[in-house]
Amino acid sequence: MPAAQPWSARVDHDRLDSHTRALLLDAAKLAFETLGFARTTVDDITRRAGVSRATFYVYFASKADVFGVLAERLRDSLLRAQEAHGVDLTDPVAVAETTVAEFLDVYAENLAFITVLEHQALSDEHLRTTWHDVRERLLKRATRFVERLVQQGRAHPAAPTDIVATAASGMITRFAPTVATEPGERPRILRHLVVLYLQLLGVESGREQPHEHAPARGDRDNTEEQS
């Protein structure tokens with residue numbers, strides 16, 4: 001049997017590293033959500049991941065380190081939810097439907113971790129700054145979207161652009177707990193959130209109703225895998 005090429009061995013090792021790190025991150029997220037930050041230990045994380053303490057320290061210096069990485073992963077997920085992939089960016093209705101659905105799903109999926117993050121940020125200046133910056137970036141991006149629509153004559157908002165963006169975000173985060181605990185309510189909540197957002201924007205949908213049955217994130221992932 002021919003010897004493995006060095007680059008091939010490195011690729012295999014990188015894939016293993018990535019898989020193990022992902023296991024640790026998922027296990028840590030579940031531990032923090034279940035136990036809170038203070039009560040979670042490295043042993044809790046490694047037990048859930050099925051790896052040794054030594055393996056944990058290959059990837060992370062401490063539980064605070066892995067918590068910080070999870071906060072960054074949450075930040076990236078929330079920012080991606082605003083990007084409206086796969087839709088016509090000149091169509092404000094399509095963008096509203098997509099971004100509201102994505103943001104609602106991401107927030108609902110991570111609600112337990114967000115609760116722990118917000119609590120921990122009260123005593124951790126770095127996390128407090130990180131979470132503040134995330135919210136500011138989300139708000140500024142949403143505000144720019146509204147401003148572009150106004151400049152293009154596509155929207156006539158009912159309030160200043162930053163107020164509209166803040167109100168839209170507040171509506172979504174307010175109903176995320178319901179979606180997290182009662183997923184059957186998602187279609188109804190999503191439908192009305194999109195309608196309210198469009199009304200805030202001063203945009204006529206031109207449709208009887210938005211896409212009530214927009215698939216949840218897990219369903220979208222499964223659909224993409226099957227295509």
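**Helix packing and aromatic contacts in a predicted model**

Leaving aside neighbours within four places in sequence, R48 is in contact (heavy atoms within 4.5 Å) with A27, L30, A31, T34 and L35. The model is predicted, so local features need pLDDT of at least 70 and side-chain atom pairs count only at pLDDT 80 or more, while totals for chains, interfaces and linings use all residues. Residues are numbered from 1 along each chain as its sequence is written, and side-chain values use heavy atoms, with hydrogens and water left out.

R48 is found in helix α2; helices (H or I, at least four residues) are DSSP runs numbered from the N terminus. With a relative accessible area of 37%, R48 is partly exposed, where buried means under 20% relative accessible area, exposed over 50% and partly exposed in between (1.4 Å probe, protein chains only). The C-alpha atoms of R48 and L23 are separated by 8.7 Å, at 25 residues apart along the chain.

The protein chain holds 10 helices and zero strands. Of its 227 residues, 39% count as buried. Among contacts between residues at least 6 apart in sequence, 66% join residues at least 24 apart.

Aromatic rings were considered next. Rings of Phe, Tyr and Trp (its six-membered ring) pair if their centres lie within 6.5 Å; planes under 30 degrees apart count as stacked, over 60 as edge-to-face and the rest as tilted. By this rule the count comes to seven aromatic pairs. F32 and F67 form an edge-to-face pair, with 4.9 Å centre to centre and 90 degrees between the planes. This pair links distant parts of the chain, F32 in helix α1 (residues 6-39) and F67 in helix α4 (residues 63-81), 35 residues apart. F32 counts as buried because its relative accessibility is 0%, and F67 counts as buried at 1%. The rings of F67 and F113 have their centres 5.0 Å apart and their planes at 40 degrees, so this pair is tilted. Because F67 lies in helix α4 and F113 in helix α6, the pair ties together parts that are 46 residues apart in sequence. Ring pairs link F32, F37, F67 and F113 into a cluster.

A charge sits over a ring if NZ of Lys or CZ of Arg is within 6 Å of the ring centre and within 35 degrees of the ring normal. K63 lies over the face of F37, at 4.5 Å from the ring centre, and R174 lies over the face of F175, at 5.4 Å.

A nonpolar core is a set of buried Ala, Val, Leu, Ile, Met, Phe, Trp, Tyr and Cys residues joined through side-chain atoms within 4.5 Å. The largest has 60 residues, of which F32, I45, L78 and L201 touch the most other members. Helix α5 gives the most to this core, with 10 residues. Leaving aside neighbours within four places in sequence, L201 is in contact with residues including F145, V146, L149 and V164.

Note on methods. Helices (H or I, at least four residues) and strands (E, at least two) are DSSP runs, numbered from the N terminus.
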